[in-house]
Amino acid sequence: MQEMPSLQELKFERVLLVEPPRWKGYAMMRGDRCSRPAIYGGVPYPYWLGTTAGFLQDKGVEVHVLEANALNSSWDKVEETIQRTKPELVFMTGANCSIDHDVKVAELAKKVNEKILTVLYEPTL
């Protein structure tokens, strides 16, 4: 059986970072120690998007970002962005209360190209 290389050994030219669309109409706080709907009315800034994008750009990676939560984007927009950007890796965040919803980003990536590596980050699982 062939061993899978570690993420450090993999080299990506194009990466798409996705904050999934809203869950049941609610803006979400994801990728934090307290993932939950943002019921106070604001849309929290996903710091992971900025820090991860900057880190990858410093490594020479072409980075695309879709903040579907704040933009109130549809799943169609997510799929169109995956098709347009042609990423090798799609990295998304999730929340424990909306994980079944959030994982749809990975399903869409695999629908577009089954070779896309997908990673979902959820710190409270």
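By salt bridge I mean a side-chain nitrogen of Lys or Arg within 4 Å of a carboxyl oxygen of Asp or Glu.

Before we go on, a quick word on what you're looking at. This is a predicted model, where local features need pLDDT of at least 70 and side-chain atom pairs count only at pLDDT 80 or more, while totals for chains, interfaces and linings use all residues. Residues are numbered from 1 along each chain as its sequence is written, and side-chain values use heavy atoms, with hydrogens and water left out.

Lys77 and Glu80 meet through their side chains at 3.6 Å, N to O. Both sit in helix 2, 3 residues apart, about one turn of the helix. When I say helix or strand, I mean DSSP runs numbered from the N terminus: H or I with at least four residues for helices, E with at least two for strands.

The other link joins the side chains of Glu80 and Arg84, at 3.2 Å, N to O. Those two are separated by about one helical turn, because they are 4 residues apart in helix 2.

So how covered up are these residues? I call a residue buried under 20% relative accessible area, exposed over 50%, and partly exposed in between, using a 1.4 Å probe and protein chains only. Lys77 has 35% relative accessibility, so Lys77 counts as partly exposed. Glu80, at 31%, is partly exposed too, and Arg84 gets that label at 48%.

How many salt bridges are there by this rule? The count is 3, and one of them joins the side chains of Glu79 and Lys111, at 3.2 Å, N to O. This pair ties together distant parts of the chain: Glu79 is in helix 2, Lys111 is in helix 4, and they are 32 residues apart. Glu79 counts as buried because its relative accessibility is 15%, whereas Lys111 is exposed at 60%.

Now, the inside. A nonpolar core here is a set of buried Ala, Val, Leu, Ile, Met, Phe, Trp, Tyr and Cys residues joined through side-chain atoms within 4.5 Å. Which members of the largest core touch the most other members? Out of 14 residues, they are Val18, Val78, Ile82, Val90, Met92 and Val105. At least two core residues each come from strand 1 (14-19), helix 2 (75-85), strand 5 (89-93) and helix 4 (104-112). Helix 4 gives the largest share, with 4 residues.

Take Met92 and look around. Leaving out residues up to four places away in sequence, Met92 touches Val18, Trp48, Asp102, Val105, Ala106, Thr118, Val119, Leu120 and Tyr121. A touch, or contact, means heavy atoms within 4.5 Å. There is also a second, separate core of 10 residues, including Leu17, Trp48, Leu49 and Ala53.

Let's zoom out to finish. The protein chain has 4 helices and 6 strands, and from the N terminus on they run β-β-β-α-β-α-β-α-α-β. Of its 125 residues, 41% are buried. And among contacts between residues at least 6 apart in sequence, 73% join residues at least 24 apart.
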